[in-house]
Amino acid sequence: MFLPPFDDSILPMSISKEDVKYIAALARIDVPEDKLEGFTKSLGGIVQYVEQLQKLDVSNVKPTSHAVPVGNVLRSDVVKPSLISKEALVFKVPLIIE
């Protein structure tokens, strides 16, 4: 499992090893004891980053579902003449098997 590098000095360690074990059990993930400390620090860093994001003032930001404007990329429907029943039921193909 890949764990990205991070700065230990910014972590107040609000996540415990028991929290990581509980979350791993919920997700049905086996976390070895030797990796538990690393996962605890990583998850603590993620939680701290989310806490920083929650401090941002977003009162003037409109809610969006996409980061960029998205339009319909399909062409418009155009009515065209179709096959008549007799043409649609009979297709002539060359004989392949002799």
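## Packing of α1 and α2

In this predicted model, the axes of α1 and α2 cross at roughly 100 degrees and come within 9 Å of each other. Because angles of 65 to 115 degrees count as roughly perpendicular, α1 is roughly perpendicular to α2.

On the α1 side, the contact is made by Lys17, Val20, Lys21 and Ile23. Helix α2 contributes Glu33, Leu36, Glu37, Phe39, Thr40 and Leu43. By class, the residues of this contact divide into five nonpolar, four charged and one polar.

## The largest pocket

The largest pocket holds about 220 Å³ of space. Its lining consists of 10 residues, and those nearest the pocket centre are Val20, Ile23, Ile29, Val31 and Phe39. Two or more lining residues come from each of α1, spanning 17–26, and α2, spanning 33–54.

Val20, Ile23 and Phe39 are named among the residues nearest the pocket centre, and Val20 and Ile23 of α1 and Phe39 of α2 also take part in the helix contact.

## Model confidence

The protein chain has a mean pLDDT of 81, with 87% of its residues at 70 or more. Among the elements of the chain, α1 has the highest mean pLDDT, 92. The lowest, 81, belongs to helix α3, residues 85–89.

How values were computed. Residues are numbered from 1 along each chain as its sequence is written. This is a predicted model: local features need pLDDT of at least 70, side-chain atom pairs count only at pLDDT 80 or more; totals for chains, interfaces and linings use all residues. Side-chain values use heavy atoms; hydrogens and water are left out. On a 1 Å grid over the protein atoms alone, a cavity is a set of points where a 1.4 Å probe fits but cannot get out, and a pocket is an open set with protein on both sides within 12 Å along at least five of seven lines; lining residues have an atom within 4 Å of a point. Grid points are joined across faces, edges and corners, and a volume is the space filled by probe spheres set on the points. Helices (H or I, at least four residues) and strands (E, at least two) are DSSP runs, numbered from the N terminus. pLDDT is the predictor's confidence in each residue, from 0 to 100. Axes are lines fitted to C-alpha atoms, for helices over the stretch in contact, and angles run from 0 to 180 degrees between N-to-C directions. Angles under 35 degrees count as roughly parallel, over 145 as roughly antiparallel, 65 to 115 as roughly perpendicular and the rest as oblique. Contact means heavy atoms within 4.5 Å. Ala, Val, Leu, Ile, Met, Phe, Trp, Tyr, Cys and Pro count as nonpolar, Asp, Glu, Lys and Arg as charged, and the others, Gly among them, as polar.
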